[in-house]
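Thanks for coming, everyone. Please look at the model on the screen while I talk.

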Amino acid sequence: MDERVRALNRQPIRPGGRHVLYWCRWNRRVESNHALLYAAEMANRMNLPLVCFERLSCAYPTASDRFHTFVLEGVPEMQARLHKLGAGYIFQLPRRKTTSDARLRAVIGGAASVVTDDCLRSTPRIDVQLHAVDSSCIVPMSRIPERSYAAYSIRPKIHRLLPEFLRPVPAVELRVPCRETFGDLHTEVTAANLALLVASCEIDHTIRPSTTFRGGRQAAEKTLRRFLDHRLRRYARDKNEPSAHATSDLSPYLHYGHISSLEVALAARDHAKEHKLIAGEFLEELIVRRELAFNFRRYAERHDTLEALPGWAQKTIAAHRNDTRNPIYTREQFERAATHDDLWNATQKELLLRGKIHGYYRMFWGKKILEWSAGASEALATMLYLHDRYALDGDDPNTCTNILWCFGLHDRPWPERPIYGTIRSMVRSGMERKTGVDAYIREIEYLERTGKELNP
């Protein structure tokens, strides 16, 4: 497992620590979790119990009912599964943006060592040994030690390494059960009090929970089972047709760590083999494309600006900076789905309601924001804002990379056009030729009118 682990500080093990702490910052699951496994192995070596710690802050800029609800829906099950293993569990829900970190420090103060998820975000500064473990990618990020600039460049590296890493994660076993009680350090979450907890937090209450997606491990497992039983056989043919409902819908669960890409890949591979199906296109998206995104996020100096784009894309954006744009919409108009195009408006309404846009239609959504904004910088800022605020798979390496793809990242030059330059464009007529636009619009209108799915 060493290739998945990196030390985040030079602090020693704390003498007299009562337990090993797994600080769960991303991978909210017991199964198929290399970070939890590493923490458990460390606890066993030290002959100490294991405690899992999770904290949902109000302080991040896009905190809302949607994201808080989705996370909290997974907490009771996470607690039950950890307790079944013999591990302790502390969940903290600060209610205010300015809540003191005293309760956080109290949790860390009892740890002999801390293990956390390698989540490509800022490193916590603590006064005890801290290791990060990559449990988000199938092939550890460290095994590809430089940036790849396209799928064709990372694909052979991934495929060469897959036989080594495409295998189940061993089950967690603990030698010392946790007997500690944590008093007011822990916030109890139940189905009965969940809505009240969300309402008590200083977050954006105007963004309601998703009409479609419920959070948690069981919901993730149910979504995977539906995909395998009813969609995988149609994926290659129908993945770009929203009304066919052939995609996995797993991106929210992958983003919040309720399920791992490794267990999804193993399940899809085994199901395809058993039923004589071909899962190649799905596995390409799940493994190669997704891990290309993590590679980009790990090695790019700036992952959320136009400076992250290849030179040809930056050059063509600069060359077409002064092209006439008509119409031009403001961020507020985009947010309200108030453009002249009913297909684009439907994609934005899907984001507002479901918290997720169908992958192929998200490309159209992004390309039109580029075309209808005052400039490329404004377009990128709008796309990141909308995804971070509304998408259950937003603020994620995969999502950020897909957004920048609309500006030429991991793509190639295309024939010159106004506004786009040599960046690939997408047009309404192409969407109508290739997909059932009218069926999609009807489905989103029904969802908006009733709050229910036309094809659950």
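One definition to begin. On a 1 Å grid over the protein atoms alone, a cavity is a set of points where a 1.4 Å probe fits but cannot get out. Keep that in mind. And remember that this is a predicted model.

With that rule, how many cavities of 30 Å³ or more are there? The count is five.

Take the second largest cavity. Its volume is about 70 Å³. Nine lining residues are nonpolar, one is polar and one is charged.

Next, the largest cavity. Its volume is about 90 Å³. It is lined by 14 residues. R28, G74, E77, M78 and R217 lie nearest its centre. Which helix gives the largest share of this lining? That is helix 3, residues 75-85, with four residues. The lining here divides into four nonpolar, three polar and seven charged residues.

Now a pocket. The second largest pocket has a volume of about 1,200 Å³. There are 37 residues in its lining. Nearest its centre are R25, R55, S57, Y60 and R121. Helix 4 gives the most, with three residues. By type, 16 lining residues are nonpolar, seven are polar and 14 are charged.

On to the aromatic rings. How many aromatic pairs does the structure hold? It holds 14. Y360 and Y361 form a tilted pair, 6.4 Å centre to centre, with 50° between the planes. Y361 also pairs with Y440. That pair is edge-to-face, at 4.5 Å centre to centre and 70° between the planes. Why does the pair of Y361 and Y440 tie together parts that are 79 residues apart in sequence? Because Y361 lies in helix 14, residues 359-371, while Y440 lies in helix 18, residues 437-450.

Are these tyrosines buried or exposed? Y360 is buried. Y361 is buried too, with a relative accessible area of 0%. Y440 has a relative accessible area of 2%, so it counts as buried. The cut-off for buried is under 20%.

Elsewhere, F70, F213, Y253 and Y256 form one aromatic cluster.

Some rings have a charge over the face. R331 lies over the face of Y385, at 4.5 Å from the ring centre. R412 does this with W414, at 4.0 Å from the ring centre.

Last, step back to the whole chain. It has 18 helices and six strands. Its radius of gyration is 23 Å, close to the 23 Å that the globule rule gives for 456 residues, so the chain is as compact as a globular protein of that length. Its C-alpha atoms fill a box of roughly 70 × 50 × 45 Å along the principal axes. What percentage of the 456 residues is buried? Buried residues make up 58%.

That's my tour. Over to you for questions.

Notes
Residues are numbered from 1 along each chain as its sequence is written. This is a predicted model: local features need pLDDT of at least 70, side-chain atom pairs count only at pLDDT 80 or more; totals for chains, interfaces and linings use all residues. Side-chain values use heavy atoms; hydrogens and water are left out. On a 1 Å grid over the protein atoms alone, a cavity is a set of points where a 1.4 Å probe fits but cannot get out, and a pocket is an open set with protein on both sides within 12 Å along at least five of seven lines; lining residues have an atom within 4 Å of a point. Grid points are joined across faces, edges and corners, and a volume is the space filled by probe spheres set on the points. Helices (H or I, at least four residues) and strands (E, at least two) are DSSP runs, numbered from the N terminus. Ala, Val, Leu, Ile, Met, Phe, Trp, Tyr, Cys and Pro count as nonpolar, Asp, Glu, Lys and Arg as charged, and the others, Gly among them, as polar. Rings of Phe, Tyr and Trp (its six-membered ring) pair if their centres lie within 6.5 Å; planes under 30 degrees apart count as stacked, over 60 as edge-to-face and the rest as tilted. Buried means under 20% relative accessible area, exposed over 50%, partly exposed in between (1.4 Å probe, protein chains only). A charge sits over a ring if NZ of Lys or CZ of Arg is within 6 Å of the ring centre and within 35 degrees of the ring normal. The radius of gyration is taken over C-alpha atoms; the globule rule is 2.2 Å times the number of residues to the power 0.38.
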